[in-house]
Amino acid sequence: LTLNAPKGMALRGDTLWVADIDALRGFNRRTGSAVASISIDGAHFLNDVALGPGDTLYVTDTGIQIDSAGQVSHPGPDRIYAVAPDHSVRIAAEGASLGGPNGISWDAAQHRFIVVQYTGPNVLSWIPGEAPAVLATGLGGFDGVQVDRNGRILVSSWADSTVNLVDSNRVVPLIHGVASPADMGLDQDDHR
């Protein structure tokens with residue numbers, strides 16, 4: 001199995017799922033062997049993956065393109081796909097209100113997803129079947145997002161090379177000078 005540009009990952013059972021431009025790739029978490037590849041028709045730049053209710057995977061499509069010179073454009077479309085356990089794929093959300101959706105994380109306590117915009121300035125709350133709502137606004141260029149077990153929302157931003165905390169509808173910097181503030185993960189057991 002060839003990986004083209006792997007980005008976000010999520011575990012479902014013993015399978016590690018990886019977003020890879022226009023496909024979702026599955027690997028056995030213990031052996032590393034490839035176990036599945038799901039092409040997602042219409043995808044342009046799959047970016048992050050989160051496991052949601054019903055063991056459904058939600059995958060963001062940032063809708064950007066990077067040319068051979070490294071220049072980024074945003075032709076869209078901005079989408080979130082839902083991939084069911086039977087590998088069926090559907091568009092769960094789309095449109096400009098997603099603002100180049102990049103990171104996505106399931107907030108179990110609030111029964112919602114947190115989605116961060118790469119091409120917009122917002123951190124969004126999103127429940128499948130509903131329109132996204134703005135939780136906080138910042139500089140944008142957001143990439144990674146995680147919700148810790150205390151319900152704190154952490155986001156990374158390329159705009160100012162920071163890792164931030166969402167607090168009272170604001171994006172507050174916690175760590176400055178992060179050279180590549182992309183995706184991140186939380187080890188809930190070890191508090192890291």
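The largest pocket of this predicted model holds about 450 Å³ of space. On a 1 Å grid over the protein atoms alone, a pocket is an open set of points where a 1.4 Å probe fits, with protein on both sides within 12 Å along at least five of seven lines, and lining residues have an atom within 4 Å of a point. The grid points are joined across faces, edges and corners, and the volume is the space filled by probe spheres set on them. Of the 24 residues that line the largest pocket, Ser105, Trp106, Gln146, Val147 and Gln188 are the closest to its centre. Two or more lining residues come from each of strand 1 (6-12), strand 5 (46-51), strand 11 (101-107) and strand 15 (142-147); strands are DSSP runs (E, at least two residues) numbered from the N terminus. By class, the lining comprises twelve nonpolar, six polar and six charged residues. In this division Ala, Val, Leu, Ile, Met, Phe, Trp, Tyr, Cys and Pro count as nonpolar, Asp, Glu, Lys and Arg as charged, and the others, Gly among them, as polar.

The second largest pocket contains about 160 Å³ of space. Its lining includes Asp148, Arg149, Asn150, Arg152 and Leu154, together with Leu186, Asp187, Gln188, His191 and Arg192. Five of these lining residues are charged, three are polar and two are nonpolar.

Residues are numbered from 1 along each chain as its sequence is written. Local features need pLDDT of at least 70 and side-chain atom pairs count only at pLDDT 80 or more, while totals for chains, interfaces and linings use all residues, and side-chain values use heavy atoms, with hydrogens and water left out.

Strands of a sheet pair through backbone hydrogen bonds, either parallel or antiparallel. Here two strands are taken as paired if DSSP finds at least two bridges between them. An open sheet is formed by four strands in the order 5-6-9-10, with antiparallel pairing. Strand 5 and strand 10 (89-94) are its edge strands, each pairing on one side only. On average, neighbouring strands of this sheet are turned by 25 degrees against each other, direction ignored; the axes are lines fitted to C-alpha atoms. Within the sheet, strand 6 (residues 57-61) is joined to strand 9 (residues 79-83) by five bridges in the antiparallel sense, and Tyr58 has Ala82 of strand 9 as its bridge partner.

Strand 2 (residues 15-20) is largely enclosed by the rest of the structure, because five of its six residues are buried, that is, under 20% relative accessible area with a 1.4 Å probe and protein chains only (exposed is over 50%, partly exposed in between). Strand 2 pairs with strand 1 in the antiparallel sense over five bridges, and Met9 has Val18 of strand 2 as its bridge partner. These two strands form a hairpin with two residues between them, in whose turn Gly13 has a positive phi of about 65 degrees. Six bridges also join strand 2 to strand 3 (residues 23-28), again antiparallel, with Leu24 of strand 3 as the bridge partner of Ala19. In this second hairpin, which likewise has two residues between the strands, Ile21 takes a positive phi near 65 degrees.

Two further residues were examined. Asn164, in strand 17 (residues 162-167), counts as buried because its relative accessibility is 2%. Ile127 lies in the loop between strand 13 (122-126) and strand 14 (133-137) and, at 32% relative accessibility, counts as partly exposed.

Technical notes. Axes fitted to C-alpha atoms, helices over the stretch in contact; angles between N-to-C directions.
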